[in-house]
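Let's take a friendly walk through a protein model. Have a look at the sequence and the 3D view before reading on.

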Amino acid sequence: MYHFLQKFHSGWAYLALLLLLVAVVNAIIGVTSKKDFTAKDRKIALFALIGTHTQLLVGLILYFVSPLGKAAFGQMSNAELRLTSLEHPLINLIAIALITIGWSKHKKLLNSEAKFKTFAIYYGLGLLLILSRIPWNLWF
């Protein structure tokens with residue numbers, strides 16, 4: 001089960017990152033072109049939200065069954081173990097919290113520019129945080 005979860009978590013990451021990147025680019029285009037916020041824009045952001053939350057759920061399960069997760073917690077002198085047991089989960093929790101805040105904030109806004117700006121900022125920060133803590137050596 002561990003190997004399946006690990007492969008699924010790694011594979012789903014490509015989809016989640018792609019959805020998040022599309023949502024950020026769509027939001028930046030929306031802000032710069034001053035277009036109206038439509039149902040299509042909402043769905044793009046929603047799919048990115050769902051993709052990242054699915055990744056979080058699988059990641060949390062993997063954290064507790066992986067020898068590189070909770071079992072390695074406390075070995076701060078080893079950079080690889082510190083990344084997989086502390087930095088990666090913590091930073092990604094913060095990133096997904098920012099993405100969730102961005103989704104929640106957009107629902108209260110009335111004008112299109114503010115909605116696009118909210119997604120660009122919160123989803124963009126989430127994307128940057130996620131990219132900063134991907135264990136690249138385990139990915140390729």
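Two parts of this chain are in contact when heavy atoms lie within 4.5 Å. Buried means under 20% relative accessible area, exposed means over 50%, and partly exposed is in between, using a 1.4 Å probe and protein chains only. Helices are DSSP runs of H or I with at least four residues, numbered from the N terminus.

This is a predicted model, in which local features need pLDDT of at least 70, side-chain atom pairs count only at pLDDT 80 or more, and totals for chains, interfaces and linings use all residues. Residues are numbered from 1 along each chain as its sequence is written, and side-chain values use heavy atoms, leaving out hydrogens and water.

**Confidence**

The predictor's confidence in each residue, pLDDT, runs from 0 to 100. Across the protein chain it averages 91, and 94% of the residues score at least 70. Helix 4 has the highest confidence, at a mean of 97, while helix 5 (residues 136-139) has the lowest, at 73. Where pLDDT is low, the predicted coordinates should not be read in detail.

**Helix 2**

Helix 2 covers residues 39-65, which makes 27 residues. From first C-alpha to last it reaches 39 Å, close to the expected 39 Å; the expected span is 1.5 Å times one less than the number of residues. Its buried residues include Ile44, Ala48, Gly51, Gln55 and Leu62. What do the buried residues of helix 2 pack against? Their partners are helix 1 (2-33), helix 3 (79-108) and helix 4 (112-132).

**Salt bridges**

Side chains of opposite charge can pair when their charged atoms come close. A salt bridge here is a side-chain nitrogen of Lys or Arg within 4 Å of a carboxyl oxygen of Asp or Glu. The structure holds four of them, including these:

| Pair | N to O distance |
|---|---|
| Glu113 and Lys34 | 3.7 Å |
| Lys35 and Asp41 | 3.4 Å |
| Glu87 and Arg133 | 4.0 Å |

Glu87 lies in helix 3 and Arg133 in the loop between helix 4 and helix 5, so this pair ties together parts that are 46 residues apart in sequence. Glu87 is partly exposed, at 21% relative accessible area, and Arg133 is partly exposed too, at 30%.

Technical notes:
Helices (H or I, at least four residues) and strands (E, at least two) are DSSP runs, numbered from the N terminus.
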